[in-house]
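Dear colleague,

Please have it open while you read.

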Amino acid sequence: MNALNKYQIFEGFTQSTFFADSVPIPRFLLEHYHSMGMTNEELVLVLHLLSASAKIEMVDLAYRMGLREDDMERLLAQLQKKGFLCVHESQGKAQSFGLQYYDLSGLMDQLFEIWGIMSYRQMNSMSAEERVLTENNGSVEVDDQAMAQLKLSFEQELGRVLTQIDCDIIRQWVLAGWSCDLINLALRRGVSAGVRTFRYLDSILREWEKKGIRTVDEVLEEERYFKSKRSKNSKGEKVSKDQVANMYEKYNELYL
């Protein structure tokens, strides 16, 4: 076999394998599937569903992935429980009746939410950086040692390794002027409440910002005042409906 024939064969292989019948895979999905709580096995199943235009018989899916049908049912159930997938039965022609349609709009919605949060934080970060640039005559510096200590504190409290997105969010908090002590305090408040998401911690910082609180002492003073007020209410003072609503809404905002 001469060199020309080898080249032609390889060209035919690449054309048929990578171009003629390829499956587009969103890079954003590959970058964020793990942080969304999706396992590697679930990702592979999602890719098969994308390649099948979201409709394929379960037995074929199981065959492609080398799984038993009960294992495939388990994987599909996991994706549904996490809100990535909806399964519908075909109601069309008789020959297609009973064929399952796999709807991945839930996955797209969650990816869109992550994209929206990242876009918002990027715009917010730019504003924060501009503010710090003005205040510091054009120089923006985030102490590497302070960032390393914050990263260590978060990983110890959250019980996991931080992603690059997590580190970027912490850096944005620092650039926005929050002290390391105040960020650590927000972290401890979140962990004490049993909520370990960065969205919740951001809502705590924003709640303090709305009240003009910028130091740990101010937070503690505000909490003492709140406890004193609550103690008085418990001794017989009636709490208004607006006060109850405000207590439930505290630290429970989404910023998009």
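This is a predicted model: local features need pLDDT of at least 70, side-chain atom pairs count only at pLDDT 80 or more; totals for chains, interfaces and linings use all residues.

The crossing in which helix 3 passes helix 4 is right-handed. On the side of helix 3, the contact is formed by Glu 41, Val 44, Leu 45, His 48, Leu 49 and Ser 51, while helix 4 contributes Leu 61, Arg 64 and Met 65. Sorted by class, the residues of this contact of helix 3 with helix 4 comprise five nonpolar, two polar and two charged.

Helix 3 also packs against helix 5 (residues 69–81), here at an angle of about 90 degrees and with the axes 10 Å apart. An angle from 65 to 115 degrees counts as roughly perpendicular, so helix 3 is roughly perpendicular to helix 5. From helix 3 this contact draws on Glu 41, Glu 42, Leu 45 and Val 46, and from helix 5 on Met 72, Arg 74, Leu 75, Leu 76, Gln 78 and Leu 79. The contact of helix 3 with helix 5 holds six nonpolar residues, one polar residue and three charged residues.

Glu 42 deserves a paragraph of its own. The side chain of Glu 42 is joined to that of Gln 78 by a polar contact of 2.6 Å. Leaving aside residues up to four places away in sequence, Glu 42 touches Gly 37, Leu 75, Gln 78, Leu 79 and Lys 82.

Further along the chain there is another pair to look at. Helix 7 (residues 144–158) and helix 8 (residues 164–175) have axes that come within 11 Å and cross at roughly 125 degrees, and the two helices are therefore oblique to each other. The crossing of helix 7 and helix 8 is right-handed. Met 147, Leu 150, Lys 151 and Phe 154 of helix 7 make this contact with Cys 167, Ile 170, Arg 171, Trp 173 and Val 174 of helix 8. In the contact of helix 7 with helix 8 there are seven nonpolar, no polar and two charged residues.

Conventions:
Residues are numbered from 1 along each chain as its sequence is written. Side-chain values use heavy atoms; hydrogens and water are left out. A polar contact is a pair of N or O atoms within 3.5 Å; within protein, one must be able to donate a hydrogen and the other to accept it, and residues adjacent in sequence count only if both atoms are side-chain atoms. Contact means heavy atoms within 4.5 Å. A crossing is left-handed if the near helix is turned anticlockwise from the far one by less than a right angle, and right-handed if clockwise. Helices (H or I, at least four residues) and strands (E, at least two) are DSSP runs, numbered from the N terminus. Ala, Val, Leu, Ile, Met, Phe, Trp, Tyr, Cys and Pro count as nonpolar, Asp, Glu, Lys and Arg as charged, and the others, Gly among them, as polar. Axes are lines fitted to C-alpha atoms, for helices over the stretch in contact, and angles run from 0 to 180 degrees between N-to-C directions. Angles under 35 degrees count as roughly parallel, over 145 as roughly antiparallel, 65 to 115 as roughly perpendicular and the rest as oblique.
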